[in-house]
Amino acid sequence: SQWVVLLPLGRRKRREVVMGRAFVYVVLGGGVAAGYAALEFVKRGVSSGELCIISDEPFAPYERPALSKGYLLPEAPARLPSFHTCVGAHEERLTPKWYKEHGIELVLGTRVKSADVRRKTLLTATGETISYKFLIIATGARALKLEEFGVNGSDAENVCYLRDLADANRIVDVIHSSTGGNAVIIGGGYIGMECAASLVISKINVTMVFPEAHCMPRLFTPKIAAYYEEYYMAKGVTFIKGTVLSSFDIDFNGKVTAVNLRDGARLPADMVIVGIGIRPNTSLFEGQLTLEKGGIKVNGRMQTSNNSVYAVGDVAAFPVKLFGETRRLEHVDSARKSARHAVSAIMEPEKTGEFDYLPFFYSRVFALSWQFYGDNAGEAVHFGDFSGSKFGAFWVSKGHLVGSFLEGGTKEEYEAIAKATRLKPAIEDAAELERLGVDFALSV
Ligand code: FAD
Ligand code: NAD
Ligand code: ISD
């Protein structure tokens, strides 16, 4: 519904007309979680005019994972509308027309600049006040900037980050002007590894620089990392490990021409991609909601410290029942499922239990494809053929299987490691687990 309020403003108590709208449900943020929340609201019978999604991006929710994979490829690149949510989970593709047909208000290209959880209102940068009965916070995260590590140059024309479609379009332009040239990738995490593959395919010479001893340090063991690094090196990628950049050489046109490293090396560069981690977008709610692990703390119903407010996706720190502790996960499966769970908890509270989530991460680059389930805690037991194309690892903690990684598996094998990880079977003989490998999971 629409409403108009007369507000006393300033010392002279001027009265001003403020336009506003009221909805039963508001999703703040229009990314992956918002798209899956919308689908779940419709499945559970939301009425026309009850739901509003507010996003500062000018697009209806889309599958963000496509941006570091298909979107950057030189041949038949992925483009909207092909990857609107919810195609990533093999569900309906929700185009802007779909939202319209279901009476869902998409407020796009609009930033929310403040929130008042006591009054149940959001104030947009366009001056509109949007009120809600239930709010789902799905603001995701922002890319960390080099400046936060004391290095300037993020605003150079050919220095790129990757969080949203605008960033991806910029990378595509810079790739086009760098063909045959040199790229330096700062960071050895997901963005670094996936972008490196896309750049190699686009015929750009890639050097990756990161401070740790191996790539993907948050998840991979040294042995797993060595496999991927060797594969990448065979594709022409150079790894410079154990150091960080100290400065850029920038020309008169505002373009980086070289990257200087703390160890004294100087790398000529036609383009730079920075992937050095993220920070959840919590700032609107700091001082209003309880935070934990850098995110907004929620219970097993995705409900924050305020009963009317839920949080999902990258921004939510939720109890992972399987581990008995609160975690904040930065992956798409978690965003999709936490969003659906929140909607279920709001619309059918009596039928909704605690979120019981098995963490799932994956990546696909070149001809490689891996999946990981659970927790990489305890001791890693590697299995399979590390000189071939199918291998993996199980993590064993306190005598139980808690995590599983598999490269090159079949659908059946991935399902088996997921099931086995959820069951947390007791492991008495690590040597036997190593010998059986994926067959262990298939036998559980
Ligand atoms: P997001 O999808 O980031 O959506 C948040 C939305 O909120 C954005 O649209 C943002 O603009 C908007 N917003 C924020 N603040 C405001 C505000 N104040 N006002 C209005 N709007 C606001 N995970 C995987 O598991 N596998 C992958 O292969 C994978 N690939 C990825 C590739 C890339 C390039 C990136 C960046 C991430 C990838 N991820 C992947 C992670 C995954 O995409 C995220 O976990 C997921 O997008 C989180 O969903 P979300 O809805 O919480 O946040
Ligand atoms: P990340 O946390 O995966 O990796 C960050 C990397 O930055 C570290 O591995 C480290 O090598 C590097 N680093 C840290 N400080 C540095 C410094 N001072 N100088 C140089 N390097 C430094 O984060 P990301 O790669 O930026 O990815 C961003 C987000 O996108 C994450 O949430 C990630 O989960 C998500 N993402 C996920 C996937 C996937 O799941 N397949 C793919 C792409 C992006
Ligand atoms: O989940 C995903 C993923 O990894 C992608 O690349 O969604 C996208 C595409 O499958 C959607 O086009």
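Which residues surround ligand 3? I'd like to look closely at that spot, and then hear how the rest compares in your telling.

Author: Happy to, and keep in mind that this is a predicted model. Around ligand 3 you'll find Glu63, Pro65, Ala66, Lys69, Gly70, Ala78, Phe83, Val87, Gly88 and Val332. Sort that shell by class and you get six nonpolar, two polar and two charged residues.

Now hop over to ligand 2. It has 24 residues around it, and the ones that come nearest are Gly187, Gly189, Tyr190, Phe210 and Glu330. If you'd rather think in elements, α4 (190-201) and β23 (360-365) are the ones that give two or more residues to the shell around ligand 2. Of the elements, α4 gives the most, with four residues. By class, the shell around ligand 2 has 11 nonpolar, nine polar and four charged residues.

While you're looking around, here's a sheet to trace. Four strands make up an open sheet with mixed pairing, and their order is β18-β19-β21-β22. The edges belong to β18 (291-292) and β22 (325-327); each has a single partner strand, so one side of each is left without a neighbour in the sheet. Further in, β19 (residues 295-297) pairs with β21 (residues 316-320) in the parallel sense, over two bridges. To spot that pairing on screen, find Ile296, whose bridge partner in β21 is Ala316.

Technical notes. Residues numbered from 1 in each chain as written. Chains lettered and ligands numbered in written order. Predicted model: local features only at pLDDT ≥ 70, side-chain atom pairs only at ≥ 80, totals over all residues. Near = placed C-beta within 6 Å. Nonpolar A, V, L, I, M, F, W, Y, C, P; charged D, E, K, R; others polar. Pairing = 2+ DSSP bridges.
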